[in-house]
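Thank you all for coming; I would like to take a few minutes to walk through one model with you. Please have a look at it first, and then I will go through it piece by piece.

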Amino acid sequence: MSSNRNRARRQSLMIAFCGMAAGLSVVIMLLGGVIPIATYAVPMLCGLLLLPILIEFGKTAAWATFFAVAALTLLLGFDKEAAFFYLFIGYYPIVKWQMDKIKPKGLGIAAKLLLFMAAVVIMYALLYLLFPMGAYLDEFREMGVILTIGFVVLYDFCMLLFDRMLMGFVMIYANRIKPKLTFLRKN
C-alpha cells in the first residue's frame, strides 16, 4: 500500500516539476521574442531547464517536457524562428550524453557538428517552406557568402561552447540547487 502511495507521490511530483519547468520555458521563449538577439540564446536557456528533469525523472519526462514546450511556443510565440530553433536544437541537453560516448573524441565532435548543421539547414528550409517570406533568403543574400560562412562558423562555435557548458550546469545543479530542493528527496 505504501509503495503505491510513494509511486503516486513521485508521479505527481514529476508532473508538477515538469509542468513548472515547461511553463517557465514557454514564458522565457515568449519574452525572448521581444529581443531580436535572443532568437538563438533563449532556446538554449530553455534547453538548460531540461537538465534537472533529465537528472531527476529520466529521458521520458525530459522528452515530454521538450515536446510540450515546443508545441506551445510554436502555437503561442510570435518569433517563429526562435520557436523552430528550440524545436530543432532545444533537445540537445537530452541527447548530449549519448553523443559524448562516441569514440574517438574527434568523431564525437564531428557528429555533434553534423547534428547542429543538419538541424539548422532543416530548420531554415522548413521556415522557408512554411512561412514563405523572402526575408530569410534576402537576409543571407545581403550578408554575402563570406558573412554567411562566418555566421555558420560562429553558430558552430556557440553550440560547441554550449555543449561544454552543460557539464558545468549539471555540477551547479547537483551541488548548489538540488540540495535546496528538499521535496525531491526520496523517503
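Before I describe a helix pair, a word on terms: axes are lines fitted to C-alpha atoms, for helices over the stretch in contact, and angles run from 0 to 180 degrees between N-to-C directions. Helices (H or I, at least four residues) and strands (E, at least two) are DSSP runs, numbered from the N terminus. What you see is a predicted model, in which local features need pLDDT of at least 70 and side-chain atom pairs count only at pLDDT 80 or more, while totals for chains, interfaces and linings use all residues. Residues are numbered from 1 along each chain as its sequence is written, and side-chain values use heavy atoms, with hydrogens and water left out.

Let me begin with the overall picture: the chain has eight helices and zero strands, and its C-alpha atoms fill a box of roughly 65 × 40 × 25 Å along the principal axes. Of the 187 residues in the chain, 37% are buried, where buried means under 20% relative accessible area, with a 1.4 Å probe and protein chains only.

Now to the pair I mentioned: helix 1, residues 2-32, packs with helix 4, residues 59-76, at an angle of about 35°, their axes being 9 Å apart. On the helix 1 side, the contact (heavy atoms within 4.5 Å) includes Met14, Cys18, Ser25 and Met29, and on the helix 4 side, it includes Ala61, Val69 and Leu76. The residues of this contact divide into ten nonpolar, three polar and no charged, counting Ala, Val, Leu, Ile, Met, Phe, Trp, Tyr, Cys and Pro as nonpolar, Asp, Glu, Lys and Arg as charged, and the others, Gly among them, as polar.

Tyrosine 86 touches, among others beyond four places away in sequence, Met29, Cys46, Phe66 and Val69.

Terms used
Buried < 20%, exposed > 50% of the residue type's maximum accessible area, 1.4 Å probe, protein only.
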